[in-house]
Amino acid sequence: MTGTPDQDDGRTALSEEDRSTRAAVVTMYRLVAGHRRAVAVATALTLVGSALGLAQPLVAKHVVDASGRGQVVWPLLALLGTLFVTEAATGAAGRFLLERTGEGVVRQLRHGLVGRLLRLEMREYDRHRRGDLVSRVTADTALLREVVSQALVNLVTGGLVAAGAIVLMAWLDPVLLLMVTVVVAAAALVVASLLKGIRCASEHMQDSVGAIAADLERALGALPMVRVHRAEEREAAAIGARVDAAHGAGVRTAKFASVMSPAVELAVQGSFLIVLVVGGLRVDGHAGSLGDLVAFLLYASYLVLPLSSVFHAVGLIQRGMGAHRRIDEALRLPVEPTAPLLPKARVPCPPPSAAAGQPALALRDVRFGHDPGRPVLRGVSFTVAHRQHVALVGRSGAGKSTVFALVARFYEPDAGHVLFDGVPAARLSRDACRRRLAVVDQNAHVVHGTLRDNIAYAVPDAPEAEIRRVVGLARLEEVVDRLPGGLDAVVGERGSTLSGGERQRVAIARALLARPALLLLDEPTSHLDAINESALTTVMKDVARECALLVVAHRLSTVQHADHIVVLHDGRTTAAGRHEDLLAGSALYRELAASQMLRPGGGPGRGSRAGTPG
């Protein structure tokens, strides 16, 4: 399995058997497992149309022979016209079914990919670029649609029609057929020698397209930073390098195709020349009739299209395998388990009133690291009681945000236990745990849509009174009044029409609307001015009366009002207590309080940063 588009380990590990045309065809046919009835009907219609086409040269032969003998030919001409119209109608119906089936396969793949990507383990998002994953849903599935709607049926029907034409040509003139076969076989050898190169070039091109999407998503997601640092040309050059790589892979594919197409065309032209010259000489020598030559010529022309479609289908299937590999990798990525890790003790999360004195949240000697041998948490233990306000403080990199990620079940601890109301998290499903909590992280996510959509994201059917309640709690009234349309105003991509502080208050309102039993706030005042920070401090006091509150904060004005403060250092719990007790008993806390991170008196210390106005 490849981790990124730049890693070729998965591709180089493919065996020659996996790269063979036969294996590729089998793989592609598995895609239509749920559409085989439609494919069978479409194939049957196409074969009927082809059979009607194969009958036309025989009718034409009788027309020529009858005309030479002076017989009436208009019934045969009427029959020929009927065969032609019927062939066109059945072919059109078959083509429509194939196109509809292709769209159905793409829809099924996209539904599966979207559902999979939204449920991946969080570690997988750290290993893969999001833009590349999006490209697998869009560009790669579009290429497979072409394979399903054209290549698969063309391969079958083209082969059968070609076989039928060859049988009839052998019946008419086996000598001419032998000469045509030699020419066509030479073209087939050329095409076969090019398939491996087409497959490799297509894989490189699909990977490059995914890298373009990933790099462009990265640049557009940080566009203000790009503009401020005047990095437009650098980003354009970096993405341009990906574009050039895709261009190079496309040119290599075109190079192979440019050799394949003339080979097929030369085979066609050579076959016609042989039939005309040799067949004409045989008719002149009375070795065959003119009607036989006309029929053979028509069958030779009928042989061109199915053989061309077979060669094109094989090449397209090899191109589609590059897209299929990337889609298959995404569908094999591990997702979060929905069941508890310890199913034998599947216990519903009890409500606070039934917790029998158990804390809403408890961490017991929790240890965790994103990479083996590089622990982030080395032994964290603390509790958060119901309706208690607990603050988590420490230097940057101490592991505070990692604690939140473990509590939200984005990751599982390597050792130790996370408990909700005394029940180990491993005995609960992730859904059961997440129903109890809400998180406001440092990024304050705001998605494209209306202000109402963003606030009501966790509770889409929330009544208007509840939405107005949290708008008031988060001090968003002025924002609602200012925006045209109020709650129904569109806030733009990533909340571009809102300030940083406003986005943070929207995230807080969204969290409060869910009425969680445990609310996690990661740097809730980092983007607020002094007035809104004071207001939020009041809000947190109100919230703590309804649910447990765990806050990561650097500002003393936020921390000093907490019921309990936990100090983290180097991934360990080093001290815990109230503000005054820690000032007296913890050297690290005193250092934090005296520094820019925790400012005594609630005001900014010398050289400290100012809060962003909300």
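Is Phe368 buried or exposed? Phe368 is buried, because its relative accessible area is 1%. Buried here means under 20% relative accessible area, exposed means over 50%, and partly exposed is in between, with a 1.4 Å probe and protein chains only.

Some ground rules before I go on. This is a predicted model, where local features need pLDDT of at least 70, side-chain atom pairs count only at pLDDT 80 or more, and totals for chains, interfaces and linings use all residues. Residues are numbered from 1 along each chain as its sequence is written, and side-chain values use heavy atoms, with hydrogens and water left out.

Now the overall picture. The protein chain has 21 helices and ten strands. Helices (H or I, at least four residues) and strands (E, at least two) are DSSP runs, numbered from the N terminus. Of the 614 residues in the protein chain, 47% are buried. A contact is a pair with heavy atoms within 4.5 Å. If we take contacts between residues at least 6 apart in sequence, 77% of them join residues at least 24 apart. The accessible surface comes to about 29300 Å², and carbon and sulfur atoms account for 60% of that. Accessible areas come from the Shrake-Rupley method with a 1.4 Å probe; for residues, only the protein chains shown count as cover.

Back to Phe368. A search of the whole structure finds one aromatic pair. The partners are Phe368 and Tyr411, with ring centres 5.4 Å apart and planes at 45°, so the pair is tilted. The rule is that rings of Phe, Tyr and Trp (its six-membered ring) pair if their centres lie within 6.5 Å; planes under 30 degrees apart count as stacked, over 60 as edge-to-face, and the rest as tilted. The pair links distant parts of the chain, 43 residues apart: Phe368 is in strand E1 (residues 361–368), and Tyr411 is in the loop between helix H12 (400–407) and strand E4 (415–420). Tyr411 is buried as well, at a relative accessible area of 10%.

Next, helix H12 itself. Seven of its eight residues are buried, so H12 is largely enclosed by the rest of the structure. The buried ones are Lys400, Thr402, Val403, Phe404, Ala405, Leu406 and Val407. After H12 comes Arg409, which has a positive phi, near 65°.

Now charges. Side chains of opposite charge can pair when their charged atoms come close. A salt bridge is a side-chain nitrogen of Lys or Arg within 4 Å of a carboxyl oxygen of Asp or Glu. The structure holds 21 of these salt bridges. One of them joins Arg434 and Glu336, at 2.9 Å from N to O. This pair also links distant parts of the chain, 98 residues apart, with Arg434 in helix H13 (residues 430–434) and Glu336 in the loop between helix H11 (290–332) and E1. Arg434 is partly exposed at 27% relative accessibility, whereas Glu336 counts as buried at 17%.

Another salt bridge is formed by Asp431 and Arg435, whose closest N and O atoms are 2.8 Å apart. Asp431 is partly exposed at 46% relative accessibility, and Arg435 is exposed at 65%.

A further example is Arg452 with Glu464, at 2.6 Å from N to O. Arg452 lies in helix H14 (residues 451–455) and Glu464 in helix H15 (residues 464–473), twelve residues apart. Both count as partly exposed: Arg452 at 22% relative accessibility and Glu464 at 36%. Shared partners also join Glu336, Arg409, Glu412, Arg430 and Arg434 into one network of salt bridges.

Which residues of helix H21 are buried? In H21 (residues 587–594) they are Leu588, Tyr589, Leu592 and Ala593. Seen down the axis of H21, these buried residues fall within an arc of 135°, so they line one face of the helix. That arc is taken from the directions from the helix axis to the C-beta atoms. The face turned away from the buried side carries the exposed residues Ala587 and Ala594.

Last, Asp140. Asp140 sits in helix H7 (residues 130–172) and is buried, with a relative accessible area of 0%. Leaving aside neighbours within four places in sequence, Asp140 is in contact with Ser135, Gln206, Ala323, Arg326 and Ile327.
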